[in-house]
Amino acid sequence: MSKTKKSKIISTDQVLITLCESVCEVLTKASGNTISYSAMVQKITKTCLRPDVSSFVLFDGGFNGLVVTNFTADAALEIYQDYMRNMGMPESEISNSHMSDDVANVLGELMNQLVGDFTFKVREQLQTHITQSQPKMMAITKLVQISVDTAMDRPQMRRVTFSTATNKIFYLEFAMDKTEFIQLHDFEAAETIDPDEILERSAKEMTDAENAEEPIVKEDDGDADDDFMASLGL
């Protein structure tokens with residue numbers, strides 16, 4: 001009897017790794033400084049919004065889930081300020097308070113980008129589709145528990161610690177259906193297209209074209225023409 005090829009199984013924790021990679025990639029690119037996550041992950045029994053700046057995003061489709069990010073005031077300000085400087089904003093226009101609406105707006109947009117990156121990777125790597133809600137970002141002073149038990153099938157919950165370039169700490173709490181993805185046969189994931197790379201390549205091509213050497217146009221030899229006309233008696 002021939003041996004059957006063992007199917008590849010992707011678990012909840014492997015999905016979590018994909019999410020953590022999206023968090024690091026998006027925030028590192030946005031801030032211009034390295035964001036990393038701990039090699040250890042906590043199993044938790046509830047998801048909470050925690051002080052000082054928190055957000056949450058719901059997603060559903062191929063599986064249901066919740067992503068919560070909890071920033072300390074220092075971590076929130078560092079990521080926000082690095083992002084603003086990276087965008088070329090003058091210091092006078094950058095807030096120094098984590099309670100500022102500008103901080104919540106920027107971190108909310110970054111949250112939207114990183115979960116969007118995650119949903120794209122899920123579609124490419126797991127061959128399924130999920131949609132996300134609009135992130136809700138807010139400054140809070142007390143712990144707020146979020147219940148998701150009724151929306152999920154045997155929810156699995158995890159907590160991951162992240163560090164900024166100067167070792168400021170923030171946390172990600174993740175809950176999703178208890179499920180496994182079983183790969184039945186090989187497939188090739190579509191190559192990820194980075195819009196920024198396309199824009200940079202296009203700009204470079206335009207610059208190269210503008211700087212290209214102009215074709216040399218030989219000027220008419222006026223004296224030779226005059227001699228030729230003279231020889232004809234004109």
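Leaving aside neighbours within four places in sequence, Arg-50 is in contact (heavy atoms within 4.5 Å) with Asn-70, Ile-140, Leu-143, Arg-159 and Glu-173. This is a predicted model, in which local features need pLDDT of at least 70, side-chain atom pairs count only at pLDDT 80 or more, and totals for chains, interfaces and linings use all residues. Residues are numbered from 1 along each chain as its sequence is written, and side-chain values use heavy atoms, with hydrogens and water left out.

**Whole protein**

- The protein has 5 helices and 11 strands. Both are DSSP runs numbered from the N terminus: helices are H or I with at least four residues, strands are E with at least two.
- Of its 234 residues, 36% count as buried. Buried means under 20% relative accessible area, exposed means over 50%, and partly exposed lies in between (1.4 Å probe, protein chains only).
- The accessible surface comes to about 14700 Å², and carbon and sulfur atoms hold 52% of that. Areas come from the Shrake-Rupley method with a 1.4 Å probe; for residues, only the protein chains shown count as cover.
- Among contacts with a separation of 6 or more, 71% link residues 24 or more positions apart.

**Arg-50**

- Arg-50 sits in the loop between strand S3 (47-49) and strand S4 (53-61).
- Its relative accessibility is 21%, so Arg-50 counts as partly exposed.
- The side chains of Arg-50 and Glu-173 are joined by a polar contact of 2.7 Å. A polar contact is a pair of N or O atoms within 3.5 Å; within protein, one must be able to donate a hydrogen and the other to accept it, and residues adjacent in sequence count only if both atoms are side-chain atoms.
- Val-144 is 94 residues from Arg-50 in sequence, yet their C-alpha atoms are 6.5 Å apart in space.

**Ser-55**

- Ser-55 lies in strand S4. With 0% relative accessibility, Ser-55 counts as buried.
- Its side chain makes a polar contact of 2.5 Å with the side chain of Thr-69.
- Not counting residues up to four places away in sequence, Ser-55 touches Leu-49, Val-67, Val-68, Thr-69, Met-111, Lys-136 and Met-137.

- H3 (residues 101-126) has 26 residues. From first C-alpha to last it reaches 36 Å, close to the expected 38 Å. The expected span is 1.5 Å times one less than the number of residues.
- At the start of H3, a side-chain oxygen of Ser-100 comes within 3.1 Å of the backbone nitrogen of Asp-102.
- Just after H3, Gln-127 takes a positive phi of about 55°.
- Thr-128 is in the loop between H3 and strand S6 (130-132). At 18% relative accessibility, Thr-128 counts as buried.
- Beyond four places in sequence, Thr-128 is in contact with residues including Gly-62, Phe-63 and Phe-181.

**Helix packing**

- Axes are lines fitted to C-alpha atoms, for helices over the stretch in contact; angles run from 0 to 180 degrees between N-to-C directions.
- H1 (residues 12-31) and H2 (residues 73-86) pack at about 55°, with axes 7 Å apart. H1 and H2 are therefore oblique to each other.
- That contact uses Leu-27, Lys-29, Ala-30 and Ser-31 of H1, and Ile-79, Asp-82, Tyr-83 and Asn-86 of H2.
- The axes of H2 and H3 come within 10 Å and cross at roughly 80°. H2 is therefore roughly perpendicular to H3.
- Angles under 35 degrees count as roughly parallel, over 145 as roughly antiparallel, 65 to 115 as roughly perpendicular and the rest as oblique.
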